[in-house]
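Trainee: Can we go through this one together? I'd like to start with a strand and then look at the helix packing.

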Amino acid sequence: MGSIKEEKLRFCIDRGGTFTDVYAEIPGRLDCQVMKLLSVDPANYDDAPIEGIRRILEEYTGEMIPRSSKIPTNKIDWIRMGTTVATNALLERKGERIALCVTRGFRDLLQIGNQARPHIFDLTVTKPSNLYEEVIEVDERIELVLDKEEQGSDSSIEGISGELIRITKPLDEEALRPSLKALLDKGISCLAVVLMHSYTYPQHEILVEQLALSLGFKHVSLSSALSPMVRAVPRGLTASVDAYLTPVIKEYLSGFISRFDEGLGKVNVLFMQSDGGLAPESRFSGHKAVLSGPAGGVVGYSQTLFGLETTKPLIGFDMGGTSTDVSRYAGSYEQVLETQIAGAIIQAPQLDINTVAAGGGSKLKFQFGAFRVGPESVGAHPGPVCYRKGGELAVTDANLILGTVIPDYFPSIFGPNEDQPLDVKTTRDEFDKLAKRINSYRKGQDPSAKDMTVEEIALGFVNVANETMCRPIRQLTEMKGHETRNHALACFGGAGPQHACAIARSLGMNEVLIHRFCGILSAYGMGLADVIEESQEPYSAVYGHESVLEASRRESILMEQVKQKLKDQGFSDENVTTETYLNLRYEGTDTAIMVKKSKTEDGLESDYAVEFVKMFQKEYGFKLQNRNILINDVRVRGIGVTNILNPRELEPVSGTPQVEGRYKVYFGNGWHETPLFKLENLGYGNVLPGPAIIMNGNSTVIVEPECKAIITKYGNIKIEIYSVSTTAKINEKVANVVQLSIFNHRFMGIAEQMGRTLQRTSISTNIKERLDFSCALFGPDGGLVANAPHVPVHLGAMSSTVRWQLKFWGDNLNEGDVLVTNHPSAGGSHLPDITVITPVFNNRNLVFFVASRGHHAEIGGITPGSMPPFSRFIWEEGAAIKAFKLVEKGIFQEEGIVKLLQFPCSDDESDHKIPGTRRLPDNLSDLRAQVAANQRGISLIKELIEQYGLETVQAYMTHVQSNAEEAVREMLKSVSARVAGSSADFGEKDSVTIEEEDYMDDGSVIHLKLTINTEKGEALFDFNGTSPEVYGNWNAPEAVTAAAIIYCLRCLVDVDIPLNQGCLAPVKIYIPKGSFLSPSDKAAVVGGNVLTSQRITDVVFTAFQACACSQGCMNNLTFGDNSFGYYETIGGGSGAGPTWDGTSGVQCHMTNTRMTDPEIFEQRYPVFLHKFGLRENTGGDGLHKGGDGLVREIEFRRPVTVSVLSERRVHAPRGLKGGKDGAHGVNYLITKDKRQVYLGGKNTIEVQAGEILQILTPGGGGWGSPL
């Protein structure tokens, strides 16, 4: 390997979704040959890569090669290819027909996933379809041996990971055989297998594979072989993806290889994998192929620009037609072990490539007074308006108007005969129509507003698109502790170089690098990649001397395996290198880091644990003291070094570059006569001051004013950005419609980055893994400006918290103060949700607030987990804090907060002391994480103020609220017409009134009288008639009702508006004091947040006739003892709507927290999960059926205290418009003597080892009378 045969051709090919790029090195020629073909062109050829090779060979040899004949291989040295065949099959759901084979009791495991819904405001709860058609459950079960007294038993054996296991039920092959035969009879011959704990005991999966293959199955994907890591859901999804895609890929590759003559065996043919490495056809499988093309681009820019053109770390920016890929490189490939693509989770090493739905084809819209770009795309067909196919306006059209897309240099392939250029006239006509709408709107807001020109509007849309793409770049860098501005932007892809200067300037960067092959960089990258072989196995142990020795022994075995695989492919020892890794995490957390073995400056091997602590601290901002480090996995990566393509240095040139022509281009300050250059006519050392256009093949590079392009010695383009600062002063009375969209992005981006900081720096499972938190920023009056959509029950609710604190502290707020509160009467929801608030000062003036709210798993109270089912008073639920300065003038008040958390108020009458928090270290760590998240928000706000000025930022704080208000008003006007039917009463001529009510299980009623003013778009939510405060804990503070209403309104708007105070501006909420929606400050409220909030939501949606009732409950389960605590919420069925069926087994409405993976659940806690699946036929029947609930059966392996807090056990979720009710939920305890005991909806019980808890969650209501 690595030897060069000068007389033969080398091909690098990227078969993309739209185009196939071919890069070929021709013997005897210094320059290469580049070709771009349509990936699908059945009228002219069957396969684009074959066609590209055929044409280039014909040209080189001068001999005709008919399309029907085989390609001669005697002139080919090697072929390297990346392909989107797998990605497209996954996106379009055109893979192989497959079945899933899973442990009995878990047939629905992959469908449920982590039970979170993909988009929290989507009432249809649209989830990606399953890849498998059929499921067969296998009679087998493995149990982890946890207790020391069990470990000495004869029945336990050691798994691969070092964990002890017991085979509680051996695999029943004979029972499985007829099920497999039945699949073959249905025409299904591919199988994905995931059995519980197969990561450590794969033998049962292997037996299934052997049986299936002996029966005639053509492909079997084992989860234990593909991804030998703990966590059944991602492992099973990976196996499904592999089974679904591998046959498709094998069929394509077989067809590709069959097109060559018999000499292909002597040609080195390799395919790009998602991890940036190459693999031969025999080892190229589905789950490693989905990022094949984008991975080539990352390899391309990283290996040609980093170190050669710049010493700065690089941000890869690959902008295509429908999406943009963002990545980072700082000397080594950044990889992730798990990613989600087209709704499928894949657990395998792959490059960390983030995709954002913004590209040249992103739709342009003007909605509710703001510019919006994407996420919808016009696609390749019909495409943008300028493609002459009747499409809609897109980013490409805006660039055409601005002159940054030049028809003279764009292929004339449009029109009925595919021979016409881009259509400039129709594009301008469509922008003229849009301009009339926009200017009419602006005149309505401010009669003195000056009309925007078509060019200003087009530039506005491009600026909004740029900001959309900047958000993921900021997240990619800053969430890992890197400053974005310290990077250089490596730009490639068809559309990227047009936007490069603007993107870099917006991010504060001063350097852009554009490769000379930027239009085909993914193809070029294939020639720079190495061949990769990986081997990994689980190893579960506490990090220490003995475990490191065992890990080293395992590393040696794996190392020999990967070396042998590379030797089998022709690599010699000197061309093989290896990298070894341990996957480490802190005990009690789920955040593992793959740590690479490295050497210290003096050549000694570094300690994995030392490196882990460094990496953890860099990424998460802290380290955990006195906490064991655990080993999860051992991994070895073998690299077959190829050294095939090398960058060619150019000779310096002198003289003035040749101008090919001059074109008008519109920049921010007007039209500029702009010279156009061709890259092939430029040389090393040429300097082109902006504005300038550089045509690089099919890519247009725009060098903006105040920028300078330099041609480097490798023929690449380096652009220096001079005017990094973009201070904007806006003096108009009303919002600039472009800036409004940009500030919407910036404010929301701040809240999102606060959330990522909190997730990174927290240590509790609730916040870090279940994502039970929210972050927001507020104006100086406490009004909500932006709330990142994390947990719906927190939406809008924190505003009342901030306002209460502002009123309480008054002028006694100083820079460096941080406030903490959780009391319901101070704007809180329930006590576990602790809110940390930081005032933001500018020149000693209070200008903003930032706040973060997180669910702490333990804050004291009468039961472990602080979710007591039988609390009657607030003090029984744990520490209750109305107002306290957690940080005062920069000093963390640890003594004070410890006292508040450890000594809650007691019941004066009984003098019964209430236990304080049982997890004080976790509380303090998470509170510090909340402070850090707020500090991140403050830094970003100050950056915004520095960029735009305080006056402008505060003006747009108001404008974004007005924008949200307008969206809600328009929604209320349109909804009022829909609901003005039999269920509504017309009061005055301009209003419509609807009354709805629903019951809690104890009979207490929530009564709503909804009055909508149809002319003004205003609504009154009047809860008069609601039951009084209850002697229980499902009282809900007023903030919970506000959160439920703002969530419902946002769902009904169905447009991506910012979540802020403006949403509630057209709304008045009346809640009678003393009702259980406005209880006294002594009332217990822990259930109000998690139960009553769901019922309020159901009542509001029923009033609006939006959808049937969903499960109406969060099914809260806590269990533990003095040594541990566990908390989860369990999904159920969502309600059906006028055009959709409900979704089964999903978190509904006011929560969206994740479920712990079954294997992690059994590994960490003394439990055995018998069943987790759908509760079939529990969704209400109807024209559209409600979603089914869930069944969860948990056996406890030692005595623990179990608390269940649930609703909809008496009153079922109601159907709508004639749809039937969903089934109500049920909770049972199966005792050791097999009695089934009904627990009711709320209970605390002391369970014994061997007893089983059954939770059956409600289904959703149906919509419409059944046919």
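Mentor: A term first: buried means under 20% relative accessible area, exposed over 50%, and partly exposed in between, with a 1.4 Å probe and protein chains only. This is a predicted model, where local features need pLDDT of at least 70, side-chain atom pairs count only at pLDDT 80 or more, and totals for chains, interfaces and linings use all residues. Residues are numbered from 1 along each chain as its sequence is written, and side-chain values use heavy atoms, with hydrogens and water left out.

Trainee: Which way do the residues of strand S11 point, and are they buried or exposed?

Mentor: In S11 (residues 219-222), His219 and Ser221 point one way, while Val220 and Leu222 point the other way; all are buried. In a regular strand the side chains alternate between the two faces of the sheet. Helices (H or I, at least four residues) and strands (E, at least two) are DSSP runs, numbered from the N terminus.

Trainee: And is the pairing of S10 with S11 parallel or antiparallel?

Mentor: Parallel: S10 (residues 190-194) and S11 are joined by four bridges. Two strands pair if DSSP finds at least two bridges between them. Cysteine 190 is opposite histidine 219 of S11.

Trainee: Other topic. What is the strand order in the open sheet of five strands?

Mentor: The order is S48-S49-S54-S51-S52, with antiparallel pairing. S48 (1167-1175) and S52 (1236-1238) are the edge strands, each with a single partner strand, so one side of each has no neighbour in the sheet. On average, neighbouring strands of this sheet are turned by 20° against each other, direction ignored.

Trainee: How many bridges join S51 to S52?

Mentor: Three, between antiparallel strands, with S51 covering residues 1226-1230. Isoleucine 1230 has glutamine 1236 of S52 as its bridge partner.

Trainee: Now helices. At what angle do H12 and H13 pack?

Mentor: About 55°, with the axes 10 Å apart; H12 is residues 454-478 and H13 is residues 496-507. Axes are lines fitted to C-alpha atoms, for helices over the stretch in contact, and angles run from 0 to 180 degrees between N-to-C directions. H12 and H13 are therefore oblique to each other; angles under 35 degrees count as roughly parallel, over 145 as roughly antiparallel, 65 to 115 as roughly perpendicular and the rest as oblique.

Trainee: Which residues make that contact?

Mentor: From H12, Val462, Asn466, Glu467, Met469, Cys470, Ile473 and Arg474; from H13, His499, Ala502, Ile503, Ser506 and Leu507. Contact means heavy atoms within 4.5 Å.

Trainee: What about H10 and H11, at what angle do they pack?

Mentor: About 105°, again with axes 10 Å apart, for H10 (residues 395-402) and H11 (residues 424-445). H10 and H11 are therefore roughly perpendicular to each other. The contact uses Asp397, Ala398, Leu400 and Ile401 of H10 with Val424, Thr427, Arg428 and Phe431 of H11.

Trainee: Where is serine 412?

Mentor: Serine 412 lies in the loop between H10 and H11. Its relative accessible area is 38%, so serine 412 is partly exposed. Not counting residues up to four places away in sequence, serine 412 touches Glu418, Asp419, Gln420 and Pro421.

Trainee: How far is serine 412 from tyrosine 387?

Mentor: The two are 25 residues apart in sequence and 9.9 Å apart in space, C-alpha to C-alpha.
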